[in-house]
Amino acid sequence: MKVSVDRRDALAVAVDVAVSGVFERGAKETAFPKSLAAEDTASGGLIEAAWDRGEIRGKRKEITVVHRPGGQGRILLIGLGLRSKFDADVVRRAAAESVRALKGKGARGVGFRLVSFVADGTTPEVAARAISDGAVLGGYEFLKYKTQADRGVEEVAIHLGEGLVRSEADLKKAVAEQASIDDVVVWTRERANLPADTATPERLAEEARALAKEVGLKVTVFDEGSLAELHCGGLLAVGGGSAHPPRMIVLEYAGGTRRGRTVAVVGKGITFDSGGLSLKPAPAMANMKFDKSGAVAVLGILRAAALLKVAPRVLGVLACAENLPSGAAYRPGDLVRTYGGQTIEVLNTDAEGRVVLADALGYVVDKYRPDEVIDLATLTGAEVVALGDDTAGLVANDERVAAGLLAASRATGEPIWRMPLTDYHRELVKSEVGDVRNSTEITVAGMLTAAAFLETFVGTTPWAHLDIAGPAYTTVTTRKYQPAYQNPGAVAFGVRLLARYLQDASRG
Ligand code: BES
Ligand code: ZN
Ligand code: ZN
């Protein structure tokens, strides 16, 4: 979707649909709001009449469409809810709801009246960025396997009008930047949505090579032979049961400044998680093509870093394997020797994410000595139980990294929540026969014992772990409770978050 800034008022130009936000009217509010005067005039008085009838109340998700006289296009009014609860995420949702409502309705070009989305809770720049997010992400659908599909909105213009035109240059820059981040999110969703027969570990390696060539990154792919030479026993064990062998993929963005810090971003890339010999029941397996979401997000994050030319040097590591049962599969009871020599006692082959991450974390910390490591992983069902479908769990051993991620979360609207990591969790992952066990004896705090396990492999490097099991994807059922900018399927959670984090690192 193309997103641009137009200095003129949306009501003064030829556009299929002009979109304005409407705040919810208070209990005693009967007078027609002045803020809708321009829309009312353009509609020839239809909007005030609809208001008087009680058709327009401004409640969230409320959509009213009026046709302007003389075939001058439509006006879509989108409810914003109460002024007291207004913020950027309300705008993000409203833009997505508008674009989605117009799908299959003959609207190609849509113009948002920016002024109607600027109030306490936003600024012109914040609102314009949120419109880009909502329109691009809300308009996205995974259509690769649909033989027929309705056309949706193709072009979005954010209209400034008289009141905002003096900020045109700044707003153009902000919207161009945000729209390019949103394009990266769409690019990431397209890959994260691919089914496991297509998105094999080698296919992810091909995607990484193509990306590296396109945006100028260094790429190294370790196949099963080179993984054996590196002693990456975790990846080899987990990938052993599949006909599609494991890969570890390393991408490197050199950084925008000579002596910037090095941030390593590591992703869990299980292209399908059947559970292995500790087989999952069928319903729990249905969405396990999304178990590669962390790794695919790392591809998107590196793409964003290169396109935005962020200051830090960024390393991306994708730990890719398919977890299937077979005569060659790893088993409960196996002892796996990881990259750094530490051993894992496997007690449940379904706790495979931490086993592949052990190699990837150990490798990147040892080989590159980064200033900080951030991993993204659809790691535990316990995360979904604790925080739900929308929020990622954050565990960190470093206050600065944690604070930076929490600030980026507030700015982007990608929710994360910090959780504790204590000696109690560390005690639970100690093994009697090896160094750590991949599954605990008592099932408590599953998100945190998994984090304690990972911590073993980063040593003292500043580290943050994002368990994205909940927010990585939506399904047709969870979708109804999620914002409209998340269609069924992959969310590409973490791309907007980490892009913001790396940009903030460029400033601070
Ligand atoms: N990929 C799953 C976690 C998951 C569950 C992601 C639901 C997204 C939605 C992970 O590999 C897993 O199976 N973890 C086990 C660990 C347990 C065996 C210690 C879990 O959470 O049950
Ligand atoms: Zn699993
Ligand atoms: Zn998994």
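**A first look**

User: How many helices and strands does the protein have?
Analyst: The model is predicted. Its secondary structure comes to 16 helices and 19 strands.

User: And how compact is the protein?
Analyst: Its radius of gyration is 24 Å, close to the 23 Å that the globule rule gives for 508 residues, so the protein is as compact as a globular protein of that length. Along the principal axes, the C-alpha atoms fill a box of roughly 80 × 50 × 45 Å.

User: What share of the residues is buried?
Analyst: Of the 508 residues, 58% count as buried.

User: Let's do the metals. Which protein atoms hold the zinc ion (ligand 2)?
Analyst: The donors are Asp273 (OD), Asp350 (O), Asp350 (OD) and Glu352 (OE). They lie 2.0 to 2.2 Å from the zinc ion. Along the chain the spacing is D-x76-D-x1-E.

User: What do the donor angles say about the arrangement there?
Analyst: The six donor atoms around the zinc ion (ligand 2) subtend angles of 71 to 168 degrees, which makes the arrangement irregular.

User: Where do Asp273 and Glu352 sit in the chain?
Analyst: Asp273 lies in strand E9 (residues 262-273). Glu352 lies in the loop between strand E12 (343-345) and helix H11 (353-368). So the pair ties together parts that are 79 residues apart in sequence.

User: Are those two buried or exposed?
Analyst: Asp273 is at 3% relative accessibility, so it counts as buried. Glu352 is at 0% and counts as buried too.

User: How far apart are the two zinc ions, and what bridges them?
Analyst: The zinc ion (ligand 3) and the zinc ion (ligand 2) lie 3.2 Å apart, and Asp273 bridges them. Lys268 and Asp291 also link distant parts of the chain. Lys268 is in strand E9, and Asp291 is in the loop between helix H9 (282-285) and helix H10 (293-308), 23 residues away. Both Lys268 and Asp291 are buried.

User: New topic: how many aromatic pairs are there?
Analyst: The count comes to nine. One of them is Phe222 with Tyr363, edge-to-face, 5.5 Å centre to centre and 70 degrees between the planes.

User: Which parts of the chain does that pair tie together?
Analyst: Phe222 lies in strand E7 (residues 218-222) and Tyr363 in helix H11, so the pair ties together parts that are 141 residues apart in sequence. Phe222 counts as buried at 11% relative accessibility, and Tyr363 does at 2%.

User: What about Tyr339 and Tyr363?
Analyst: Their ring centres are 5.4 Å apart and the planes are at 85 degrees, so that pair is edge-to-face. Both Tyr339 and Tyr363 are buried. Ring pairs link Phe222, Tyr339, Tyr363 and Tyr368 into a cluster.

User: Last one. Which charged side chains sit over rings?
Analyst: Arg25 lies over the face of Trp51, 3.8 Å from the ring centre. The charged end of Lys144 sits over the ring of Tyr145, 5.9 Å from its centre.

Conventions:
Residues numbered from 1 in each chain as written. Chains lettered and ligands numbered in written order. Heavy atoms only, no water. Donors = N, O, S within 2.8 Å, 3.2 Å for Na, K, Ca; no water. Tetrahedral: all angles 85-135°; square planar, octahedral: opposite > 155°, others 65-115°. Helix = DSSP H or I, 4+ residues; strand = E, 2+ residues; numbered from the N terminus. Buried < 20%, exposed > 50% of the residue type's maximum accessible area, 1.4 Å probe, protein only. Phe/Tyr/Trp six-rings, centres within 6.5 Å; stacked < 30°, edge-to-face > 60°. Lys NZ or Arg CZ within 6 Å of the ring centre and 35° of its normal. Rg over C-alpha atoms; globule rule 2.2 N^0.38 Å.
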